Amino acid sequence: MEVVHTIPELREAVARARADGQTIGFVPTMGCLHEGHLSLIRRAKQEAGFVLVSIFVNPTQFGPNEDFSKYPRAFDADQAGCAQAGADLIFAPSTEAFYAADATTTVQVAGVSAGLCGEFRPGHFDGVATVVAMLFNATQADVAIFGRKDLQQLAVIRRLVRDLHFPVRIIAHETIREADGLAMSSRNRYLATDDRKKAAVIPQVLEVARKLAQSGVTDSAQLCSAATRLLAAEPAVRLQYCEIVDLESMAKVPDISGRKCAIAIACHLGATRLIDNLDL
Ligand code: AMP
């Protein structure tokens, strides 16, 4: 496995793989890799001959009061994990190597990025769409794997690829969970031991909604209120939003009948913000 830090080195490594007749599979990450990321890498290896992982904590997708400077970084462990999961190349640029100092171009995916996290993290999805567009251009990947855990991000990327004709196939990979159901996240390590235990209520809340939906309830307000009622028993978990949205447009749906939709939730435990979702 090779590690490169600049765009020219990346292009050269990708050109070599292509000259070898390989297709390029791509897994973008911000590092501090856990089993969820590694499972994306293994999936990429099933889909493409050559697997490229980017590790880049993208400053433009963090708000001024968010955790950019303290976002966990663990490059040595990440390298070992990538190699073990079957990656062929890591692209880990510095901010300076990736963004022109006077860069002024931003990609905005309107609509899909407006609600849910977009409402509480203004500019976040502009940062995501811009960095992913840049990464697609830099890597020329044939296929890219994204986690369903970041449901709105996935919808934003799918729309970006469709609208701008990026020649890349997007694959959504299932959410990988801890034994108690909590979705794996690099941010879980911020949680104090007590809060970590309490966080298990988040996936339970989603399951309540799914079971109700399976039993025939279709009214979104009813599903969300049944779900969030369970949260009230755990005051340490502060709800930011709980919405039922259309999987493609991310628009709120009043009733789930006949639609592909998911319940999406964001909560705070202490200063840590966690998101999760489940298809209904
Ligand atoms: P991040 O490093 O948090 O930006 O995530 C990089 C990629 O890993 C994104 O496509 C995420 O959706 C995906 N991902 C993060 N956590 C999980 C998880 N628990 N299961 C599956 N994919 C995940």
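Trainee: In what order do the three strands of the open antiparallel sheet stand?
Mentor: First, the ground rules: this is a predicted model, local features need pLDDT of at least 70, side-chain atom pairs count only at pLDDT 80 or more, and totals for chains, interfaces and linings use all residues. Residues are numbered from 1 along each chain as its sequence is written, and side-chain values use heavy atoms, leaving out hydrogens and water. Strands (DSSP runs of E, at least two residues) are numbered from the N terminus, and two of them pair if DSSP finds at least two bridges. The order is S7-S8-S9.

Trainee: Which are the edge strands there?
Mentor: Look for strands that pair on one side only. Neighbouring strands of this sheet are turned by 15 degrees against each other on average, direction ignored. The edge strands are S7 (237-246) and S9.

Trainee: How many bridges join S8 to S9?
Mentor: S8 covers residues 261-269 and runs antiparallel to S9. Ala262 stands opposite Asp279 in S9. The number of bridges is eight.

Trainee: At what angle does helix H9 run to S9?
Mentor: H9 (a DSSP run of H or I, at least four residues) spans residues 201-214 and lies across S7, S8 and S9. Angles run from 0 to 180 degrees between N-to-C directions, using lines fitted to C-alpha atoms, for helices over the stretch in contact (heavy atoms within 4.5 Å). The angle of H9 to S9 is about 25 degrees.

Trainee: What angle does helix H10 make with S7?
Mentor: H10 (residues 220-232) packs on this sheet too, touching S7 and S8. Its direction relative to that of S7 is about 160 degrees.

Trainee: Which residue stands opposite Glu2 in S4?
Mentor: S1 runs parallel to S4 (residues 89-91), and three bridges join them. Opposite Glu2 stands Leu89.

Trainee: Which residues does Pro28 contact, beyond its neighbours within four places in sequence?
Mentor: Pro28 sits in strand S2. Its C-alpha atom is 16 Å from that of Gln152, 124 residues apart along the chain. The residues in contact with Pro28 are Ser54, Leu135, Ile145 and Phe146.

Trainee: What radius of gyration does the protein have?
Mentor: The protein has 10 helices and nine strands, and its C-alpha atoms fill a box of roughly 55 × 40 × 40 Å along the principal axes. The globule rule is 2.2 Å times the number of residues to the power 0.38, and the radius is taken over C-alpha atoms. With 280 residues, a compact globule would have a value near 19 Å, which agrees with that of the protein, 19 Å.
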